[in-house]
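User: Could you walk me through this structure, starting with how the protein meets the DNA and then how the chains meet each other?

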Number of protein chains: 2
Amino acid sequence: MIVTVTNPPASELPVLRKVVRSSTSDLIADQLRNAIYNGSLEPGQSINEVRTAELLEVSRPSLREALQRLISEGVMTHAPGRGVHVKKMRVTDIDDVYAVREAIESQAIKLIIRRERATARITRALRELERAIEDNAARTIGDADLSFHHALVACSGSARLTDLMKVSMVHTRLLSLSDRRGYEVRCDVLDSHRELAEAVTAGRESQSLGVLARIMAEAASRLHGPDAGVDAQVVKALDDGAAADDQWSRLRERAQ
Amino acid sequence: MIVTVTNPPASELPVLRKVVRSSTSDLIADQLRNAIYNGSLEPGQSINEVRTAELLEVSRPSLREALQRLISEGVMTHAPGRGVHVKKMRVTDIDDVYAVREAIESQAIKLIIRRERATARITRALRELERAIEDNAARTIGDADLSFHHALVACSGSARLTDLMKVSMVHTRLLSLSDRRGYEVRCDVLDSHRELAEAVTAGRESQSLGVLARIMAEAASRLHGPDAGVDAQVVKALDDGAAADDQWSRLRERAQ
DNA sequence: TCATATAACTTTGTCTGACAGTGTGACATT
DNA sequence: AATGTCACACTGTCAGACAAAGTTATATGA
């Protein structure tokens with residue numbers, strides 16, 4: 001069989017991947033989203049368009065495009081005439097966010113089990129969680145916790161569910177950050193998550209769903225808890241005080 | 001107790017609602033989304049920024065903001081250097097969209113039953129569906145079908161699930177519109193939906209979830225069906241040929 | 001002194017115009 | 001037939017502008 005050398009079919013060059021070029025507004029949205037996720041931008045904080053655009057060295061239109069993105073993700077809110085603010089979660093948001101997460105993750109579990117998908121990522125994420133708990137830093141544990149749930153959904157192989165999970169992660173983080181008690185974690189995270197990982201890996205559907213429901217309910221009730229008040233005005237920073245990204249600490253100051 | 005007359009607390013004037021002022025980009029996004037939903041804008045069609053902006057009598061930046069919105073909703077896609085196109089669903093999208101819908105609607109059902117929420121809207125939507133089936137117009141039936149599922153989720157009272165359902169509706173519509181056979185509906189929609197409505201209203205959780213799963217699976221398999229090919233290049237218009245909005249038929253022509 | 005009204009300032013919302021970079025199609029060339 | 005070249009169209013991004021809306025500060029009157 002003769003194969004021409006010039007212009008070989010894609011299958012012959014499996015090394016080459018589709019080139020990904022992100023637009024400016026994509027990059028801006030990513031930065032802002034990360035800044036929110038890691039606490040550099042606090043809930044309720046307003047985004048000054050000119051200053052932020054200057055800081056990022058982009059034009060105002062590009063920034064505004066990115067903001068639209070974040071607004072439709074529910075990560076920022078738009079107050080007409082008053083601009084864009086980082087979404088500040090209220091008490092009513094707690095159950096709502098966790099309802100969505102239970103929807104996404106339950107479905108992911110069903111898909112994983114029914115389609116018998118590989119669960120290596122989940123066990124790997126569980127090990128990361130174990131390690132984070134040893135370090136005993138709330139922020140690290142929180143990250144590992146969310147990563148675990150992301151891994152769970154990613155295993156399902158559903159692109160859309162995985163995307164939804166990504167924004168739900170930010171929502172969850174915003175819930176904690178909007179809580180006046182700041183960032184907290186339950187001490188029994190590891191047990192329940194290990195149980196979940198094992199049940200999913202073993203293909204025990206109803207048990208998995210049960211454990212998941214329990215995890216969600218407990219997380220929600222922790223936020224609801226006595227004198228919780230996600231509604232609070234004052235917002236505490238993350239308790240391990242990990243140095244926030246330089247750029248964004250600057251932004252936080254300058255953006256008033 | 002003395003209450004000042006000026007600036008009365010909101011609770012005293014329950015008639016007054018928060019004024020909603022939509023931004024231009026909001027309105028544009030709505031128009032484009034509707035145009036996609038009712039088939040005026042076909043899957044794969046590209047959006048010429050200058051022409052579309054002229055047509056809507058808005059500036060290019062405002063249009064671009066709206067497009068960002070739609071892109072992040074997964075209703076349009078962005079090809080770098082080549083602009084924005086109406087999302088063209090592929091075979092792999094079928095199961096993905098229905099997986100998300102099952103996730104959302106299952107959770108909605110659970111919430112409705114556990115929180116014992118009113119189900120009037122569902123029965124009302126069912127009656128609309130009955131009426132639409134009598135008319136025997138595929139497009140009307142499709143609308144009523146989706147409205148039913150939207151009503152179901154809205155009943156749950158979860159704002160986020162309801163929002164997600166709204167975009168899932170457009171995704172579902174895009175699935176049908178991307179199918180070369182055009183718009184079709186199963187003849188047994190009514191039976192299954194009536195069964196679902198009754199089960200939910202009666203609070204029978206597992207039965208409801210079962211019926212829902214069946215509805216989703218059947219809808220997906222219809223699209224997968226023999227010689228289906230959502231991947232198809234040619235796209236048939238809606239079969240009842242309801243006159244598409246004047247403005248948008250113009251756009252379709254002019255936007256190439 | 002407190003509350004309201006006026007003024008000054010800031011910021012948003014939107015538009016116009018501009019221009020380099022990239023994609024596209026026609027045409028010439030090898 | 002494949003490649004190279006050119007012109008054109010469109011996108012991606014920016015700077016600047018300005019009215020409208022919000023915000024803060026100042027002045028005025030009870």
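**Contacts with DNA and between chains**

A polar side-chain atom of A:R60 is 2.7 Å from a base oxygen of DNA strand C. This is a predicted model, where local features need pLDDT of at least 70 and side-chain atom pairs count only at pLDDT 80 or more, while totals for chains, interfaces and linings use all residues. Residues are numbered from 1 along each chain as its sequence is written, chains are lettered from A and ligands numbered from 1 in the order in which they are written, and side-chain values use heavy atoms, with hydrogens and water left out.

User: Which element gives the most residues to the surface near DNA strand C?

Analyst: Elements here are DSSP runs numbered from the N terminus, helices being H or I with at least four residues and strands E with at least two. With three residues, the one that gives the most is α3(B).

User: How many salt bridges does the rule find across the interface of chain B and chain A?

Analyst: A salt bridge needs a side-chain nitrogen of Lys or Arg within 4 Å of a carboxyl oxygen of Asp or Glu. One pairs the side chains of B:E65 and A:R64, N to O at 2.8 Å. Across the interface of chain B and chain A, the rule finds six.

User: What is the area buried between chain B and chain A?

Analyst: Buried area is the accessible area (1.4 Å probe) that two parts lose on being put together, summed over both. Carbon and sulfur atoms give 47% of it, and the total is about 2,700 Å².

User: Which residues of chain B lose the most area to chain A?

Analyst: Together they account for 25% of what that side buries. One of them also forms the salt bridge with A:R64. The residues are B:E65, B:Q68 and B:R160.

How values were computed:
A polar contact is a pair of N or O atoms within 3.5 Å; within protein, one must be able to donate a hydrogen and the other to accept it, and residues adjacent in sequence count only if both atoms are side-chain atoms.
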